[in-house]
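Q: Please take a close look at one helix pair in this chain. How do the two helices pack, and which residues make the contact?

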Amino acid sequence: MKVGDHHYQTVWMEGATVRMIHQNELPWHFRIHDCNRFNDSCDAISNMVVRGAGAIGATAGFAMAQAFLEAPSDGREDFLYQAKKMIESTRPTARNLFYAVEKVFHAGQESIESAVNEAQAIAAKDADDSRKIGYFGNKLFGRKMRILTHCNAGWLAFVDYGTALSPIYVAHQQGKEVMVYAGETRPRGQGARLTAWELQNEQIPHLVIPDTAVASLMAAGKVDLVITGADRIALNGDVANKIGTLDRAILAKHFKVPFYVAAPTSTIDPVCRNGNAIVIEHRSQDEVLFQEGPDAEGNIHKIRVVSPGSDAWNPAFDVTPSKLITGLITEKGIISAHHQSIKALLNQSN
Ligand code: MRU
């Protein structure tokens, strides 16, 4: 996507350096963060400098390739095994991370060059899948659509284009009248900070809504379609996504609004039978206790917004059961969130 006159991807690898848009500084500063070694890339994933399933997956694949470039000849196998474990421990829920690490680790058994090529191919495919999701998702759009989304599943969450936002970009380019409601997504504010920034950048009409306003918005008849992303999809169609997705799915059912999940096939976990088997990340309570923003000089500060002495509970994801999902928008087409359709999708060649 373009920022100013320049086309950017969210994350890419140049030589042995992994470069990424620093998402913790958006929307206030646009800066590129460089990771020169594999453990810098691990830190960037854990600290959410890069976030969103596809972008995490691409970064993890690059980190594994960096590990191959760094591995000493003495104790090489042990180094690579430890590196793989370390990358896999950065964040537990997004399936794309494990998918990418496994593929690059496997390719690296042939040569270092194969590891790097595989990591580049995973990133390129992520962007291409997202572009195709935009094409298929746009088929759900009439000439005039009001869409509710959650968190950020735009191009910042992938290598390019995004998933939930990709059909919105296509519809807008085709001249359809699109209005997007972006849930702010506490505690980290991916909707308020990142989705809003992306939509503004593309000049797409949007409003940020408090997470608590979804029922009222739907009750007022202002939502035609809900589209969210996914971090992991089980074989039975249950979907793990940003905390608060389940609330929206329940409300969409109640108000009879179609609820779609947009994700590439790489987000489907072929060994996960249902949502109960998905590991949900719990993050630091500080994300709830503190909020951040810039001062007049643009320096970002945190301030406490919760009563002193109170603690917080901070699960980062929830699981939406397949029965609440109208369909999955994938790079191969739109399918129902059912075991048979998912199995058929996984069996399709690329
Ligand atoms: O914790 P994040 O920001 O990495 O989580 C990303 C999400 O869960 C989003 O909900 C998004 O919709 C899915 S992006 C693959």
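A: Axes here are lines fitted to C-alpha atoms, for helices over the stretch in contact, and angles run from 0 to 180 degrees between N-to-C directions. Helices are DSSP runs (H or I, at least four residues), numbered from the N terminus. The model is predicted: local features need pLDDT of at least 70, side-chain atom pairs count only at pLDDT 80 or more, and totals for chains, interfaces and linings use all residues. Residues are numbered from 1 along each chain as its sequence is written, and side-chain values use heavy atoms, with hydrogens and water left out.

The pair consists of helix H2, residues 53-70, and helix H4, residues 95-107. The crossing of H2 past H4 is right-handed, meaning that the near helix is turned clockwise from the far one by less than a right angle.

On the H2 side, the contact (heavy atoms within 4.5 Å) is made by Ala53, Gly54, Ile56, Gly57, Ala60, Gly61, Met64, Ala65 and Phe68. H4 contributes Asn96, Leu97, Ala100, Val101, Val104 and Phe105. Of these residues, 11 are nonpolar, four polar and none charged. In this count Ala, Val, Leu, Ile, Met, Phe, Trp, Tyr, Cys and Pro are nonpolar, Asp, Glu, Lys and Arg are charged, and the others, Gly among them, are polar.
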